[in-house]
Amino acid sequence: MKKIICSDLGGPESCEVEIKGNTPDEVAKNCQEHVMEEIGKGDSDHQDSVENMQSMSPEEQQEKFAEYMKICEDAFKRD
Ligand SMILES: [Zn+2]
């Protein structure tokens, strides 16, 4: 079980919630769920992160997503 912190994957700097998962895809998916959950609770920091992402061009969004997937994959290679 690997863990990554929310802010590593584009979440707000202040968020240190650990995102867990057994595969890089699972971590990415769990991170998205965590962000949606926080927004559901009315957390404006997570809302801002999503809005920031949505304000990017589709190419930039894809680049960011690839970057986060790489962070997930690297975490799995660490040990
Ligand atoms: Zn978070």
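Good morning. I begin with Ile4, which, leaving aside its neighbours within four places in sequence, is in contact with Leu9, Ile19, Val27, Ile71, Cys72 and Ala75. Two residues are in contact if their C-beta atoms, placed from the backbone, lie within 7 Å.

A word on the source. This is a predicted model, in which local features need pLDDT of at least 70 and side-chain atom pairs count only at pLDDT 80 or more, while totals for chains, interfaces and linings use all residues. Residues are numbered from 1 along each chain as its sequence is written.

Ile4 belongs to strand β1. Strands (E, at least two residues) and helices (H or I, at least four) are DSSP runs, numbered from the N terminus. Is Ile4 buried or exposed? Ile4 counts as buried, because it has 24 C-beta neighbours inside 10 Å. The rule is that a residue is buried if 20 or more other C-beta atoms lie within 10 Å of its own, exposed if 12 or fewer, and partly exposed in between, with C-beta atoms placed from the backbone. The C-alpha atoms of Ile4 and Phe76 are separated by 9.8 Å, although these residues are 72 apart along the chain.

I turn now to helix α1. This helix covers residues 24-40, and its 17 residues reach 24 Å from the first C-alpha to the last, close to the 24 Å expected at 1.5 Å a residue. The expected span is 1.5 Å times one less than the number of residues. Which residues of α1 are buried? They are Pro24, Val27, Ala28, Cys31, Val35 and Glu38. Seen down the axis of α1, these buried residues fall within an arc of 100°, so they line one face of the helix. The arc is that of the directions from the helix axis to the C-beta atoms. In general, an α-helix has 3.6 residues a turn, so residues three or four places apart point the same way.

The face turned away from the buried side of α1 carries the exposed residues Asp25, Glu33, Met36, Glu37 and Gly40. Glu26, also found in α1, is partly exposed, with 15 other C-beta atoms within 10 Å. Just after α1, Gly42 takes a positive phi of about 95°.

What do the buried residues of α1 pack against? Their partners are β1 (2-5), β2 (18-21), α2 (44-54) and α3 (58-77).

Let us take α3 next. With α1, α3 packs at an angle of about 130°, their axes being 9 Å apart. That makes α1 oblique to α3. Axes are lines fitted to C-alpha atoms, for helices over the stretch in contact, and angles run from 0 to 180 degrees between N-to-C directions. Angles under 35 degrees count as roughly parallel, over 145 as roughly antiparallel, 65 to 115 as roughly perpendicular and the rest as oblique. At this meeting, Pro24, Val27 and Ala28 in α1 face Tyr68, Met69, Cys72, Glu73 and Phe76 in α3 as contacts.

Cys72, in helix α3, counts as buried because it has 22 C-beta neighbours inside 10 Å. Beyond its neighbours within four places in sequence, Cys72 is in contact with Ile4, Pro24, Val27 and Ala28. Its C-alpha atom is separated by 7.3 Å from that of Ala28, 44 residues apart along the chain. As for α3 as a whole, two of its 20 residues are buried, so it lies largely in the open.

Finally, α2. The axes of α1 and α2 come within 8 Å and cross at roughly 125°, and the two helices are therefore oblique to each other. Val35, Glu38 and Ile39 in α1 meet His46, Gln47, Ser49 and Val50 in α2.

Thank you for your attention.
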